[in-house]
Amino acid sequence: MKNLTIEEAKRLMTESMNDAVAAFAPGRIEFLGNHLDYNGGLVLGTAINAGIYAIAQPTKDSSFHLFSESFKGSQISGSINQLEKQSGKQSWANYCLGVVQVLQDMEFAPTHGFSLILSTDLPMSAGLSSSAAVELATAQCLLQLASKQVTKKELVTIGRRAENEWVGLPCGMLDQGTSAFGELDQLVRIDCSNENFSTLSLPKDTSFWIFDSGIKHDLVDSLYGTRNQECMDALSILQKQDSSLSCLAHCSTTLLEQTEMAENLKKRARHVVAEQERVNQFTQGLQNGNSIDQLGKLLTASHHSSANLFENSLPELDFLVDLLDKEEEVHGARLTGGGFGGAVLAWTTTRFSQKRADSIAQIYEKEWNTKPHFHSFLPSHGASHLDPLDIRFKR
Ligand code: GLA
């Protein structure tokens, strides 16, 4: 090849990538509001500065090809006219295929095939919702290939439907909502009863640290579905007392305590009702300028409620929360996401250091014989299109 200037190289590459499209969707941290989303509650999350990058190009026929840098060697190919659910090692592709199916149902899918490559700088299985990020990055690419535009809210619905209907997880909209509506230095506040999205400014001088226990949780096979069902069962018992009650998060403590139900249902409902109250207190407290210490305590209280009432914690996560809670620069700590493994969030001052994180990881290692991975993240912007030439695939 003759020597090219950078401009010539760019022009050549642009020509061969003429019809390529690209997108990014961030991972998210669930800040407060554990298991409230599918109960019609208020949840707070933040998009983070790591996520899923996707690049796609049309094929000349109806074939599709999916590649992921995180799951090397597992290319999945098929026809857009005959989508098939994947299992085992190939199941990551379901987050993409679910999106294709939903877009086809909406008549918003490309009518030709496509190749799609995913890459990521998100730690996997750490409770940071790589799955929602895959859905949103895929959806944005396919919508561009089909020359269709949707609102952010519609994008959230597409991702959530893919997860509910194709993957089979009865999740709420926290993950997709936070990934779509994230903004720099902001918390995303979602009222899941009316799908209202807004943002809240975070106090200055705060950081987020994630301590990943490394315990992998396969949400689909886990107790997530059972918890969801228990909440629905509690709701239908409560609705016999008050037919105007539309969701569990809106139940009053009085009604809950007056109503007889099995102990496990009561515990789940108590968590949901009290967690909704904590989110309200946090939101009001933030607006009223309450002390960060006071606000942080709500996070730690949320963890204890998850552990004792919702029973979705593990001793390893409780151990991390207890350690973090003793740290001077930590405002509050709690499990983040579905639970049953995964990660703990520490909301800290910016003075919380790598050295402190290291020493916590060492204490944990002594107890559990394995070192937790830890990462610090910044509240960041939400899903967006990218210029395919700008995309940097990371290894
Ligand atoms: C997972 C789900 C979310 C939400 C959280 C728990 O992350 O995907 O929809 O239910 O668990 O709050």
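Predicted model: local features only at pLDDT ≥ 70, side-chain atom pairs only at ≥ 80, totals over all residues.

Trainee: Which residue forms a salt bridge with Arg 268?

Mentor: Glu 230 does, with the closest N and O atoms 2.7 Å apart. The rule asks for a side-chain nitrogen of Lys or Arg within 4 Å of a carboxyl oxygen of Asp or Glu, so 2.7 Å passes. Arg 268 sits in helix α8 and Glu 230 in helix α6, so the pair ties together parts that are 38 residues apart in sequence. Salt bridges with shared partners also link Arg 227, Glu 230, Lys 267, Arg 268 and Glu 311 into one network.

Trainee: Is Glu 230 buried or exposed?

Mentor: Buried, because its relative accessibility is 9%.

Trainee: Why would such side chains pair at all?

Mentor: Side chains of opposite charge can pair when their charged atoms come close.

Trainee: Back to α6, then. How do you know that its length agrees with what a helix should span?

Mentor: α6 covers residues 224-241, which is 18 residues, and at 1.5 Å a residue it should span 26 Å. Its end C-alpha atoms are 27 Å apart, so the two values agree.

Trainee: Which residues of α6 are buried?

Mentor: Tyr 224, Arg 227, Asn 228, Glu 230, Cys 231, Ala 234, Leu 235 and Leu 238. They cover an arc of only 160 degrees around the axis, which puts them on the same side of α6. What they pack against is α7 (253-258), α8 (263-287) and α9 (292-310).

Trainee: And α3, what makes you say that it is largely enclosed?

Mentor: Of its 16 residues, 15 are buried, so the rest of the structure largely encloses α3. Helix α3 runs over residues 130-145 and reaches 23 Å from its first C-alpha to its last, close to the expected 22 Å.

Trainee: Let's zoom out. What are the domains of the chain?

Mentor: The domain assignment gives domain 1 (6-199 + 380-393) and domain 2 (203-377). Their C-alpha centres lie 26 Å apart. In contact across the boundary are 34 residues of domain 1 and 43 residues of domain 2.

Trainee: How much area is buried between domain 1 and domain 2?

Mentor: About 3,000 Å², with carbon and sulfur atoms giving 67% of it. On the domain 1 side, Phe 31, Leu 32 and Asn 34 supply 21% of the area buried against domain 2, more than any other three residues.

Trainee: What does Phe 282 touch?

Mentor: Setting aside residues up to four places away in sequence, its contacts include Phe 31, Leu 32, Leu 44 and Trp 347. Phe 282 is in helix α8 and counts as buried because its relative accessibility is 0%. Phe 282 and Leu 32 are 250 residues apart in sequence, yet their C-alpha atoms are 8.7 Å apart in space.

Trainee: How many salt bridges does the rule find across the interface of domain 1 and domain 2?

Mentor: One. For the overall count, the rule gives 14. Take Glu 30 and Arg 334, whose side chains meet at 2.6 Å, N to O. Glu 30 lies in strand β1 (residues 21-32) and Arg 334 in strand β9 (residues 330-336), so this pair ties together parts that are 304 residues apart in sequence. Both count as buried, because Glu 30 has 3% relative accessibility and Arg 334 has 0%.

Trainee: Why is the contact of Arg 351 and Asp 205 called a salt bridge?

Mentor: Their side chains meet at 3.6 Å, N to O, and the limit is within 4 Å, so the pair qualifies. Arg 351 counts as exposed because its relative accessibility is 53%, and the cut-off for that is over 50%. Asp 205, with 36%, is partly exposed.

How values were computed:
Residues numbered from 1 in each chain as written. Heavy atoms only, no water. Helix = DSSP H or I, 4+ residues; strand = E, 2+ residues; numbered from the N terminus. Expected span 1.5 Å × (residues − 1). Buried < 20%, exposed > 50% of the residue type's maximum accessible area, 1.4 Å probe, protein only. Arc of directions from axis to C-beta. Contact = heavy atoms within 4.5 Å. Domains from an automatic or database assignment. Buried area = accessible area lost by both parts, 1.4 Å probe.
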